[in-house]
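User: Please take a close look at the pockets of this model, and describe what lines them.

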Amino acid sequence: MALRFALVIEPAASDDPRSDFDDTFRTIDPSAPALSVGELSTQRGDGIFESIGVVDGHPQETQAHLERLAHSAAICDLPAPNLEQWRRAVAIAAAHAPQQGEGVIKLILSRGVEHGPAPTAWTTAAAAADNTAAREQGIRVVTLDRGYGIDTPAAAPWLLLGAKTLSYAVNMAAIREAHRRGADDAIFVTSDGFVLEAPTASLIVRIDGRFVTPAPGAGILHGTTQLSLFAHLESEGFETGYATLPTRALKDVDAAWLVSSVRLAAPITAIDGVEVPLDAGLTASINRYLLSPRD
């Protein structure tokens, strides 16, 4: 995924009243060195990010992504982002994303340089990978122990389990482990037997005609795509809900998907080697909705 555009942001205070933030942005060559060797995002993964899908030049669910950026900042004790400044940065990046087809805008807010005076922030735009095969043919997943119990996030909030942080080494290791086991992706589960989420996506299952996702509050990142899709499904007359799902419940699903801002809805065709029915018609309908302009 080659970067097409990069914009450095001088973060403004969350209560900065100005309406024009263009003098806080600096366009840089996306292929040129830009960060100090003391940058904590690269040294420690000490920062947060959001990935916004772009369809035909339109950034999807911008408000939801900005609100989640602010939520992650609060969990990580980072300065609250000025959402109007970041909204303007998204609009600038969108003009440099593919105007036909799919792209991705990434927002990054780092704690900055060690012992430095301020956070570091930037945004990038790129063309998205081709996710057609995953959306149409589906993916095989395995369950992997996340290494903590269902009550751990509440008991140990300093683990930052509900924030979208740059510390993604575990997530990438999980996907590599899934590949080693002959699967395409993974579903994290707790050590005491409850379903969480995928390393880079939310999980939605259909059980007895009801669409369910694991309840937030167990260190699960509330998915922007999942929220939008639930609203759409409800408007179509389907029942949706949140539940604390035991791992054994995955054996009872009659359809399942991993959903995210860029891959969109990838139907799951097997969990731990057990086949899961693929509802091709519904999946196509879901992805048509997710590819439609959404603010």
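Analyst: The lining of the second largest pocket consists of 14 nonpolar, four polar and four charged residues (nonpolar: Ala, Val, Leu, Ile, Met, Phe, Trp, Tyr, Cys and Pro; charged: Asp, Glu, Lys and Arg; polar: the others, Gly among them). The model is predicted: local features need pLDDT of at least 70, side-chain atom pairs count only at pLDDT 80 or more, and totals for chains, interfaces and linings use all residues. Residues are numbered from 1 along each chain as its sequence is written, and side-chain values use heavy atoms, without hydrogens and water.

The volume of the second largest pocket is about 350 Å³ (the space filled by probe spheres set on grid points, joined across faces, edges and corners). It has 22 lining residues, and V8, I28, A34, L35 and W122 are the closest to its centre (a pocket is an open set of points on a 1 Å grid where a 1.4 Å probe fits, with protein on both sides within 12 Å along at least five of seven lines; lining residues have an atom within 4 Å of a point). Two or more lining residues each come from β1 (3-9), β2 (25-28) and β6 (120-127) (DSSP runs: strands E, at least two residues; helices H or I, at least four).

The largest pocket has a volume of about 1200 Å³. Its lining has 50 residues, with F49, K164, Y168, P199 and T200 the closest to the centre. Here the elements that give two or more residues are the strands β3 (47-55), β5 (102-110), β8 (185-189) and β12 (255-260), and the helices α6 (169-180) and α7 (224-235). Among the contributors to this lining, α6 gives the most, five residues. By class, the lining of the largest pocket holds 24 nonpolar, 17 polar and nine charged residues.
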